[in-house]
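Biologist: I've got a structure on my screen and I'd like to learn how to read it. Could you take me through it step by step?

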Amino acid sequence: MNSQDFEFVAQLLRKRAGIVLTGDKMYLLESRLAPLARKEGLPSIDDLIHVVRSRREERLIAQLVDVMTTSETFFFRDKTPFEHLKEAIFPILANARRGQRIRVWCAGCSTGQEPYSIAMLLDQNPALTGGVPVEIVATDISDRCLERAKQGLFTQFEVQRGLPIQMLMHYFTQQDDHWRISERLRQQVTFKKHNLIDPNFQLGKYDIVFCRNVLIYFDGAMKSEVLERIATQMNPGGFLMLGAAESVTGLSTAFESAQDRRGLFKLVNRNVKAA
Amino acid sequence: MKRCLIVDDSRVVRKVARRIVEDLRFDAEEAADGQQALDTCRKQMPDAVLLDWNMPVMNGIDFLRALRREPGGDRPVVVFCTTENDMSHIAEAMRSGANEYIMKPFDSEIIESKFSEVGLV
């Protein structure tokens, strides 16, 4: 791949998905585009990029962005966010909401392990929300991931990462060489296609936002912009959960760190601050 | 250092598993069938057992039931590691006193994930 082609793809990814692709990611680009070229019946990556550049076909551009998004995820990833939910977030919100619905948004949900983990956590701990109904909305930019997430179908490898065997036995059924999560849990999660960098997004207001290991692909300005937009989609008293190595420091004043809880941030009540 | 007994009739599988558990800072011991494993446990109970199902002489599930009847045999954390990947086998293993269950093929990530589920790492 020549540098002009690399630059073209890098710009496309930045514009469409906010993904910053530096020069050292040439190998990543090539390893992900080769299967797409094969699928399109094209002899090489160079031909694939040539076709994208000359025809500007929306379908192909969308697929190129799709294969370049990272979909790494697993059940109960990092564990602590789910402890935060159990020990702090749900009890606090259930008390504050007084019977009103609690809304959770998983931004960048990939193949669905995160929202399904939250659904399992709630199912295992029915007293956690004191009977307050919880709505889980999960979004991703990738059609490929969303399709799999909606089906709730996981490989043997995926169900062995982070998922205790008791939960596999309780919530999954075997389907050929895959495992499918129960219909009941599938119904608890609504999956929607959504691009975090789209300035016009409106998904409603949420009390809890999980946006873990997503901002790391954006540059500083885009991180700030997305955090600001997430803040406008949250109810007062809401919580934001970022990845273990992520923070809002220097990026956003809309959130403040929750004491002793790594990766967890509280929405700042701006009206109070202004007074 | 914690001790992990690897029970599998395949020398190759034992070798791969040994490397993984040693990376997780376990002292590894090996047994090629359930009877050998039981003899090892009678001398000294390990902290963890990574256990295959189908083996000659004594299979994994018979070993597990015998182990749980031994004095101090309730202590080792037993993680099955087998090609038997259907729900009835999993349920039988758990009923017989297994703590976790790995469906082969496995890799270091799966072993680490399962060992952390049962508090071994």
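This is a predicted model: local features need pLDDT of at least 70, side-chain atom pairs count only at pLDDT 80 or more; totals for chains, interfaces and linings use all residues.

Biologist: Fine. Where do I start with a chain, say chain B: how many helices and strands does it have?

Modeller: Start by counting elements, then read their order. Chain B has five helices and five strands.

Biologist: How do I tell what share of the contacts join residues at least 24 apart in sequence?

Modeller: Take the contacts between residues at least 6 apart and ask what share spans at least 24. In chain A that share is 71%. In chain B, 59% of such contacts join residues at least 24 apart.

Biologist: Now helix packing. At what angle do α1(A) and α4(A) pack?

Modeller: Look at two things, the distance between the axes and the angle. The axes of α1(A) and α4(A) are 10 Å apart, and the angle is about 90 degrees. That makes α1(A) roughly perpendicular to α4(A), since angles from 65 to 115 degrees fall in that class. From α1(A), the contact uses A:Leu12, A:Leu13, A:Arg16 and A:Ala17, which meet A:Ile61, A:Val65 and A:Met68 of α4(A). By class, that contact has six nonpolar residues, one charged and no polar.

Biologist: And which residues of α2(A) meet α4(A)?

Modeller: First the geometry. Helix α2 (residues 26-39) of chain A and helix α4 (residues 58-68) of chain A have axes that come within 9 Å and cross at roughly 140 degrees. That makes α2(A) oblique to α4(A). The crossing is right-handed. On the α2(A) side you'll find A:Arg32, A:Leu33 and A:Leu36, meeting A:Gln63, A:Leu64, A:Val67 and A:Met68 in α4(A). Sorted by class, the contact of α2(A) with α4(A) has five nonpolar, one polar and one charged residues.

Biologist: Is the crossing of α1(A) and α3(A) left-handed or right-handed?

Modeller: α1(A) passes α3(A) in a left-handed crossing. Here helix α1 (residues 3-17) and helix α3 (residues 45-55), both of chain A, have axes that come within 11 Å and cross at roughly 55 degrees. The residues that meet are A:Asp5, A:Phe8 and A:Val9 in α1(A) and A:Asp46, A:Ile49 and A:Arg53 in α3(A). This contact divides into three nonpolar and three charged residues, with no polar ones.

Biologist: Let's zoom in. Is A:Arg103 buried or exposed?

Modeller: To decide, count the C-beta atoms around it. A:Arg103 has 23 others within 10 Å and the cut-off for buried is 20 or more, so it is buried. A:Arg103 belongs to strand β1 (residues 102-107) of chain A. Setting aside residues up to four places away in sequence, A:Arg103 touches A:Glu135, A:Gly204, A:Lys205, A:Tyr206 and A:Asp207.

Biologist: And where is A:Val226?

Modeller: A:Val226 lies in helix α10 (residues 220-232) of chain A. A:Val226 is buried, with 21 other C-beta atoms within 10 Å. Apart from neighbours within four places in sequence, A:Val226 is in contact with A:Leu196, A:Ile197, A:Leu215 and A:Phe218.

Biologist: Last one: how many residues does each chain bring to the contact between chain A and chain B?

Modeller: Count each side separately. Chain A gives eight residues and chain B gives 15 residues. The chain A side divides into three nonpolar, four polar and one charged.

Conventions: Residues are numbered from 1 along each chain as its sequence is written. Chains are lettered from A and ligands numbered from 1 in the order in which they are written. Helices (H or I, at least four residues) and strands (E, at least two) are DSSP runs, numbered from the N terminus. A residue is buried if 20 or more other C-beta atoms lie within 10 Å of its own, exposed if 12 or fewer, and partly exposed in between; C-beta atoms are placed from the backbone. Two residues are in contact if their C-beta atoms, placed from the backbone, lie within 7 Å. Ala, Val, Leu, Ile, Met, Phe, Trp, Tyr, Cys and Pro count as nonpolar, Asp, Glu, Lys and Arg as charged, and the others, Gly among them, as polar. Axes are lines fitted to C-alpha atoms, for helices over the stretch in contact, and angles run from 0 to 180 degrees between N-to-C directions. Angles under 35 degrees count as roughly parallel, over 145 as roughly antiparallel, 65 to 115 as roughly perpendicular and the rest as oblique. A crossing is left-handed if the near helix is turned anticlockwise from the far one by less than a right angle, and right-handed if clockwise.
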